[in-house]
Amino acid sequence: MAKDCKLPVICTECESDKHLAALHVERKPKPKDPEEVQGGEQRNGQQDDTDKMDKQQNGEPSRITTTCTEICGDKPGGRSCSKICLANIYVNQHSDRKVKAYVLIDDQSNCSFAKPQLFDILNMDGESFPYTLRTRVGTMQTEGRHAKGLVIESLDGHKRHQLPTITECNAIPVNKDEIPTPDIAMAHPYLRQIADQIPEAQRDTDILLLIERNVPPLHKVRESRNGRGNLPWAQRLDLGWVILGNTCLDGVHKPNDLSSFKTHLLHNGRPSIFEPCSNVFHVDKATPAHADSRESVNEFRRKESFSQGKFEDGLASKVFERTELDNRPGYSVEDRKFIEIMDTGMKKNETGSWIAPLPFRNDVTHLPNSREEAFKRLKFTRKTLDRKPDMKKHYFAFMQKILDNGHAESVPPSEVRRTSRFFTIPVVQGERPRWGSCRISNESAPLWKYVATVVATLGLRKTAQDGEAQFGSDAREFVERDFYVDDGLKSLPGSKQSIDLLQRTQGMLATANLRLHKIASNDANVTQAFPSEDRASELCNLDLNNDTKPIQWSLGVYWDLETDTFTFKVSEGNKPFTRRGVLSVINSLFDPLGIVSAVIIKGKIPEEHNAAWMEWYQSLSSLQHLKIPR
């Protein structure tokens with residue numbers, strides 16, 4: 001048992017009996033065998049000479065190894081340098097008490113740190129504050145003093161800079177082997193000219209300061225010297241010259257241990273680091289009956305090959321292929337089937353109008369007889385129209401307009417008896433019937449009984465695509481991106497651009513017998529550029545220069561043309577404080593932009609607050625005075 005163990009537990013790092021060595025964050029690696037360091041040049045001289053003499057006496061040739069010991073010393077793996085400068089540090093207005101220390105310039109840090117020794121030397125006392133320190137080894141909570149007013153100065157005294165707030169930290173890297181020295185510069189011919197400007201390494205001077213990236217003058221490179229390939233390079237900063245990169249001469253230091261992955265080749269030639277399974281199914285692709293020669297077989301089969309480190313099987317040949325559909329949302333299976341039906345069956349007739357097939361999922365050869373159900377619905381519609389004379393008048397006027405414009409026609413009784421491919425749709429009841437009926441060409445489908453919104457939109461976009469070359473890409477973009485079903489909204493910087501775009505779009509849609517009308521604009525010049533029959537119904541007989549422009553209703557939003565602002569209309573009448581009444585009032589305020597959402601949300605209050613709700617309901621009339629600039 002662990003409690004019965006009598007051996008003392010001592011940390012091998014600091015010889016403490018309170019913890020194990022594994023709790024040390026920065027553990028120093030154990031020194032390697034001297035024979036493994038620097039390729040063997042640091043071995044004991046006497047033993048090395050003895051071995052050489054033995055080999056020469058036995059007739060074995062002696063091996064001569066040359067390594068970079070002048071620059072790298074006995075450091076395994078070579079030597080590299082970083083941005084470490086020797087500088088003077090002092091408190092502002094106390095330049096007589098300068099401290100010479102090495103400074104690490106780190107562009108990866110967002111805070112400047114100083115060792116506790118620097119705080120003690122400069123007598124910078126103060127309260128400690130907690131902070132979070134994130135390093136390569138993890139995140140830890142610590143605390144330290146803050147100091148302001150420090151000045152850093154180059155050794156020659158020509159450059160000095162005010163430092164930001166300095167935080168006390170004992171975790172600053174203190175690897176003095178990365179300090180640039182003159183011998184490193186002398187070892188490289190292109191750096192010898194700056195060797196006398198780099199101070200000798202002072203082993204008794206510590207790295208006491210780390211400068212963050214928010215001190216740009218200390219990071220800016222005033223001059224640089226570059227070497228070829230992987231050779232080190234030098235930069236002149238305000239604090240002096242620094243040498244960066246691996247300073248080992250010509251890459252002498254190379255690893256003695258080599259690692260490689262065991263690679264397997266699968267049965268099809270593909271490389272893999274995993275051992276292949278012994279149970280493999282080999283399936284031969286079927287060849288055509290006429291494959292009498294090797295050439296025809298090769299054409300039929302997809303050959304797999306491995307060459308130049310890549311496996312080619314043809315499966316990913318089009319992964320990075322760019323098409324015009326890349327930026328469009330993906331379609332479902334039914335969407336793609338619908339588009340295929342429209343692309344193959346939608347065409348223009350001799351008058352220029354679009355003829356489209358019915359987008360059935362499957363080919364329909366027989367439709368159920370729905371005449372009885374439609375006739376029953378017609379009886380209810382007639383009773384409703386008889387009770388409402390105004391609705392009846394509007395209804396008959398609208399349907400007569402559809403027949404006069406050729407948007408619908410009566411089906412001859414003889415044709416109904418001759419074919420079973422027809423379906424009867426009930427008459428739509430309402431102030432303004434939303435759909436009329438139209439006839440379909442015999443070669444594509446039997447009969448249209450209503451026009452689907454998506455088909456109408458598709459025909460509108462096809463017209464824009466066909467007319468892009470003649471009327472411009474901006475007219476096509478206007479139809480494709482600024483139309484919602486049959487309503488178009490567009491904002492342009494001037495009246496000339498607006499008139500030009502609308503006229504070209506009118507001409508483009510007219511090629512498919514589509515009429516762009518009901519035009520309304522906050523600019524009177526735009527509206528006056530079009531005849532009265534092409535304007536919105538409220539603007540047909542209006543003097544645009546003198547009369548007040550009416551409020552337009554566009555996509556559910558009220559638009560005041562006079563002030564070019566969005567506004568709201570509140571339905572009048574008393575609504576009871578019931579669940580249905582509350583929902584009726586809230587839903588009557590159509591606010592797709594969320595402008596008055598803060599007002600609407602107040603209407604959703606509990607039932608016990610009847611008085612508060614009535615007060616809120618009566619205050620809604622104030623929304624009619626709200627003007628939101630477009």
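Two strands pair if DSSP finds at least two bridges between them, and strands here are DSSP runs of E with at least two residues, while helices are runs of H or I with at least four, both numbered from the N terminus. The model is a predicted one, where local features need pLDDT of at least 70 and side-chain atom pairs count only at pLDDT 80 or more, though totals for chains, interfaces and linings use all residues. Residues are numbered from 1 along each chain as its sequence is written, and side-chain values use heavy atoms, with hydrogens and water left out.

- Four strands make up an open sheet in the order 22-23-24-25, with antiparallel pairing.
- At the edges sit strand 22 (551-554) and strand 25 (628-629), each pairing on one side only.
- Strand 23 (residues 557-560) and strand 24 (residues 565-567) run antiparallel and are joined by three bridges.
- Asp560 has Thr565 in strand 24 as its bridge partner.

**Helix 11 against helix 13**
- Helix 11 (residues 453-466) packs on helix 13 (residues 473-481) at about 165 degrees, with axes 9 Å apart; axes are lines fitted to C-alpha atoms, for helices over the stretch in contact, and angles run from 0 to 180 degrees between N-to-C directions.
- Leu460, Arg461, Ala464 and Gln465 of helix 11 meet Arg476, Val479 and Glu480 of helix 13, where contact means heavy atoms within 4.5 Å.
- The residues of this contact split into three nonpolar, one polar and three charged (Ala, Val, Leu, Ile, Met, Phe, Trp, Tyr, Cys and Pro are nonpolar, Asp, Glu, Lys and Arg charged, and the others, Gly among them, polar).

**Helix 13 against helix 14**
- Helix 13 also packs with helix 14 (residues 495-510), at an angle of about 80 degrees and with axes 9 Å apart.
- Helix 13 and helix 14 are therefore roughly perpendicular.
- Contact residues include Phe478 and Val479 from helix 13, and Leu501 and Met508 from helix 14.
- Seven nonpolar, one polar and three charged residues make up the contact of helix 13 with helix 14.

**A look at Leu458**
- Leu458 belongs to helix 11.
- Its relative accessibility is 22%, so Leu458 counts as partly exposed (between buried, under 20%, and exposed, over 50%, with a 1.4 Å probe and protein chains only).
- Leaving aside neighbours within four places in sequence, Leu458 touches Phe338, Met342 and Met346.

Key. Angles under 35 degrees count as roughly parallel, over 145 as roughly antiparallel, 65 to 115 as roughly perpendicular and the rest as oblique.
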